[in-house]
Amino acid sequence: MQPNQLSSKEINPLGSLDEWEDDLLQRYPDPETIATAKATEAYRNYEEPARDTVREFYKLNHTYQTYAFVCEKREQYLAFDKKEMAVWDAFEFLNQLVDDSDPDTDLDQFQHLLQTSEAIRRDGHPDWMVLTGLMHDMGKVLCLFGEPQWAVVGDTFPVGCAYSDKIIYPEFFKDNPDFNDERYNTKYGIYEPNCGLKNVHMSWGHDEYIYQMMKDHLPEEGLYMLRYHSFYSWHREGAYDHLLDDHDREMLKWVKLFNPYDLYSKSPEPPDWKVLKPYYTALIEKFLPKTLKF
Ligand SMILES: [Fe+2]
Ligand SMILES: [Fe+2]
């Protein structure tokens, strides 16, 4: 069945994009922060129906993220001819993605970005990393351009070669046409051994999109954080070593450094935006152009 023959709940099974992120917190609970308000709450509220929607979501993601699909989306979005916005307007645009299912507990998208960047700043990391935190999920605007959840969020993975069994729900790949396509289902598929991730097409989603948007504006370490922050089978599970080059191995530590700020910085108390605004205005001016192209 094609995705467009499905009902809207079948296309977008998650009540909100946060359900995927809450599931990540279940998968990778950080022992240091497990006792915080948010982590405890996430555990308490975590019920089977949420787990089922995450399963449904991954079934779609793993079935439809083919090499051909990725090439098509790259062509469609990497022209950046959809929209042009000032950075602050882009945050407002992103915030149109509201959580219908759970409006009182979850913070909006911008709060997650700001909490991530503030946690990075508090730990004294360089300003480019603070900005990386602030921008890292901007690619979720893909949902507002009509993309289904499975083409925006979820763990990312290489396409064009065999899927690792370290990817969450690996059994769902059996319905992906590439799984039985001999061009794509061998260990290396279309790639050369240790060709480097720069030569590897990742499943399409908000990571690649924001990386491409930011690639002329942030240092290499920050770009790795953006591009691979959802590539859990690599940065958490150590898969795909056979595709890496030495540069990727060097950069992995930066991706790992970023991940806890993304996963564990959620707090029910929003930062005081009035106090923070001058700092972030200057930060954005330092690194980014006046407008961003989407
Ligand atoms: Fe993300
Ligand atoms: Fe995030």
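**Burial and overall make-up**

I looked up burial across the protein first: of its 294 residues, 40% count as buried. I am working from a predicted model. I then listed the secondary structure and found 13 helices and two strands. Next I checked how far apart in sequence the contacting residues sit. Taking contacts between residues at least 6 apart in sequence, I find that 77% join residues at least 24 apart.

**H10 against H12**

I turned to one helix pair. Two packed helices are described by the angle between their axes and the distance between the axes. I looked up both for H10, residues 220-228, and H12, residues 246-264. Their axes come within 8 Å and cross at roughly 65°. I noted the hand of the crossing as right-handed.

Which residues meet there? From H10 I wrote down Glu 221, Tyr 224, Met 225 and Tyr 228. Facing them from H12 are Met 251, Trp 254, Val 255 and Phe 258. I sorted the residues of this contact by type: seven are nonpolar, one is charged and none is polar.

**H13**

I checked the length of H13, which covers residues 273-287. With 15 residues at 1.5 Å each, H13 should span 21 Å. The C-alpha atoms at its ends are 20 Å apart, so the two values agree. I also looked for a bend in H13 and found one of about 25° at Tyr 279.

Is H13 largely in the open or largely buried? I counted one buried residue among its 15, so H13 lies largely in the open.

Terms used: Residues numbered from 1 in each chain as written. Chains lettered and ligands numbered in written order. Predicted model: local features only at pLDDT ≥ 70, side-chain atom pairs only at ≥ 80, totals over all residues. Axes fitted to C-alpha atoms, helices over the stretch in contact; angles between N-to-C directions. Helix = DSSP H or I, 4+ residues; strand = E, 2+ residues; numbered from the N terminus. Left-handed = near helix turned anticlockwise from the far one by under 90°. Contact = placed C-beta atoms within 7 Å. Nonpolar A, V, L, I, M, F, W, Y, C, P; charged D, E, K, R; others polar. Expected span 1.5 Å × (residues − 1). Bend = angle between axes of the 7 residues up to and from the residue. Buried ≥ 20, exposed ≤ 12 C-beta atoms within 10 Å, placed from the backbone.
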